[in-house]
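User: I have not looked at this structure before. Please take me through it in questions and answers.

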Amino acid sequence: MDAIILQILNGLDKGSAYALIALGLTLIFGTLGVVNFAHGALFMIGAFCAVTLNRLLTLSHQVVDETRTDFLGNPLKVDVPYVQDIFGEVTGAAIIDWSVPLAILFSIPIMIGIGVIMERGLIKHFYKRPHADQILVTFGLAIVLQEIIKQIFGANPIPTPAPDVFRGSFDFGTMLGFDPNVIIYPYWRLVYFGFAAIIIGAVFAFLQFTTFGMVVRAGMADRETVGLLGINIDRRFTIMFGLAAAVAGLAGVMYAPINSPNYHMGMDFLVLSFVVVVVGGMGSLPGAVLAGFLLGILESFASMNEIKSILPGIDQIIIYLVAIIILLTRPRGLMGRKGVMED
Amino acid sequence: MFGLGKKDLTLFLIVAVMALFAPFILNPFPTDSGMAQFNAGYPDLMQRFVIFGILAIGFNILFGLTGYLSFGHAAFLGVGSYAAVWMFKLLSMNVIPAILLSMIVSGLFAVVIGYVSLRRSGIYFSILTLAFAQMSYNLAYSVLTPITNGETGLQITLDDPRILGVSATADGGIPVTNLFGLEMRSFETLNIGPWAFQFSVGYYVAAIIMLISFYVAIRIFRSPFGMMLRAIKSNQNRLYYTGLNARPYTLAAFVISGMYAGLAGGLLACMDPLAGAERMQWTASGEVVLMTILGGAGTLIGPVLGAGFIKYFENIFSKINDQVVHAWVSFLPDGLENFVVAIIHPFVGKGWHLTLGLMFMLIVIFLPGGLVEGGQRISRRLRRKPAEDDAKSASTEPAE
């Protein structure tokens, strides 16, 4: 029992990342009808927003500290971040410590900007082209973005710490009445899950309860009619693309402490996210979220030693296996609608 | 002749002549000149030209004719390589059984994957093939380690049985791949003045196999079977309404194209008896797609051009480093020189993938028909028939 709960918890954080990326992919697909292979790159750029902010905040200058001496007896030179000059020592240190959550604010405008530029500059010209062309051009874009990040930040993963408060793990088992030290879960992963839940909820609420969301949903159902009603649907769809980019970016920002960002993390997640979207059903937002968590949890179950001893290697292929089985038994995915991508 | 039309025969002969005289054609600069680094006429690179040409020709039979975009073609390449190396380990170092086995194994593999994946079309098909390829890649690294030797890669060793051959040569070395005694790695150098032309056995074996594959591809393109595949691309529903089942045809195309990829993988192993799982990674599949698109999907010569183009630039661009760029622009004033080098730096050497990605995008955006379409446009422009230009581009599909 405790092992099962532990695996479900372990699956949640990866599942959250899948769900967030798949949600963005589905938003783009549902609104614009474009298959975006560069979405993983947006996730990666989000993670590097966190890295960038961290680096900006820790920019420092050297100050000679007369009270202390180094091992040679000279006055010690201390690196003092500019942030501490501006906000004072304590507040400044706290700001640096909280750089990853702060990067959320920092990344939203950047990601929306990138998304809008991408849509207006490139994707717009591909609405009428075949899906194969869309896949290829966004695949090319993904390579370009990935290489640019590699040139700027190098090929090695860059550790980006979470705030001190969230470091370490807590004993989840004692809360449920299990023995201590059986179910231990890092705080930050719990934060990640909560954050993902909030974002997913916000996107759904936005689409469901605002006029803008209503128009967008109407446009997803029948673009032409909405256009005939005198609504500029293209502009709204552009904004939706920006939003989807922001969702992917935020998923990346918060993922930075879990897995040190490297330039190919986007590609790694992209392939899986596509599988998630297809399993959930192309164009279905609830399907994408459901499939994201489902596959995340399945993956963590498959990596249990008990299961691996029966079916060796299953943890490596479980997601693909499930995708193949689902596509063959339920061709539209778990919650796919009729008429989407049928031809 | 050979059952080819006049146009196809000309094309085939041009390719044949180019392939056979490649050591001369690709070596235009004397060895001692500064331009020698742009020479492509050395065995290793020429082998890659023709081998990846085979891969792209095969991919084009599937993608160019039926329109099914497979994103997992590298899996067949990897399987072919493994099969060939196992043949070297168990049977003999002769390349013929290795190539045959790699085609058979990858063909069987393609039957299984194709049977499942071809139930769906469009993006679903792409994702399914991608899923299968990633699965093979992951398995090759984990459970199948006894067969694939995991991260180290499968290599031939001194204690392999090699029933029909020898485990070790007389002087205790590992035997080399050969064709009835002709060693793949051996080559002759012909010195004419400052030029040095290298004729490698491995290259000619690969080139002849490439020509055979190219010939088969032409025959497929012109056959009723090829027409059927094109019908599938243009409208599958109508095909169903006429009472024809498209799936056996697509499956056949998939298997043929998988066998081409297996053949290419087998040849790679023949030139260098080593197989690793990284050949199956999905970026490798993406590269095949790129080669075909770049050259011109659905055209006969396109994939070969695309493969050569990419492999050449991959090789040349990744060799150019900052010193080379400095040497080129040394005529500029110092500040400007450094500036130009700084601009070029991200695109060459290790940054070659950036150039590749940009090229990819530019081709898809501006030249969806690839190099072949570009060539056609230029020749049409030269013949100056602007009125006909529009009508033609509207009516002719790239499926030439």
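This is a predicted model: local features need pLDDT of at least 70, side-chain atom pairs count only at pLDDT 80 or more; totals for chains, interfaces and linings use all residues.

User: How many helices and strands does chain B have?

Analyst: The secondary structure of chain B includes six strands. Its helices number 18.

User: Why does the radius of gyration of chain A count as that of a globular protein of its length?

Analyst: Chain A holds 15 helices and four strands. For 343 residues the globule rule gives 20 Å, and chain A is close to that, so it is as compact as a globular protein of that length. The radius of gyration of chain A is 22 Å.

User: What share of the residues of chain B is buried?

Analyst: A residue is buried if 20 or more other C-beta atoms lie within 10 Å of its own. Chain B has 400 residues, and the share of them that counts as buried is 44%.

User: Which helix gives the most to the side of chain A that touches chain B?

Analyst: The contact draws 30 residues from chain A and 34 residues from chain B. On the chain A side, helix H6 (131–153), helix H12 (265–280) and helix H15 (314–329) each supply at least two residues. The one that gives the most, with 14 residues, is H6(A).

User: How do the residues of the side of chain A that touches chain B divide by type?

Analyst: Two residues on this side are charged and five are polar. The nonpolar residues number 23.

Definitions and conventions
Residues are numbered from 1 along each chain as its sequence is written. Chains are lettered from A and ligands numbered from 1 in the order in which they are written. Two residues are in contact if their C-beta atoms, placed from the backbone, lie within 7 Å. Ala, Val, Leu, Ile, Met, Phe, Trp, Tyr, Cys and Pro count as nonpolar, Asp, Glu, Lys and Arg as charged, and the others, Gly among them, as polar. A residue is buried if 20 or more other C-beta atoms lie within 10 Å of its own, exposed if 12 or fewer, and partly exposed in between; C-beta atoms are placed from the backbone. The radius of gyration is taken over C-alpha atoms; the globule rule is 2.2 Å times the number of residues to the power 0.38.
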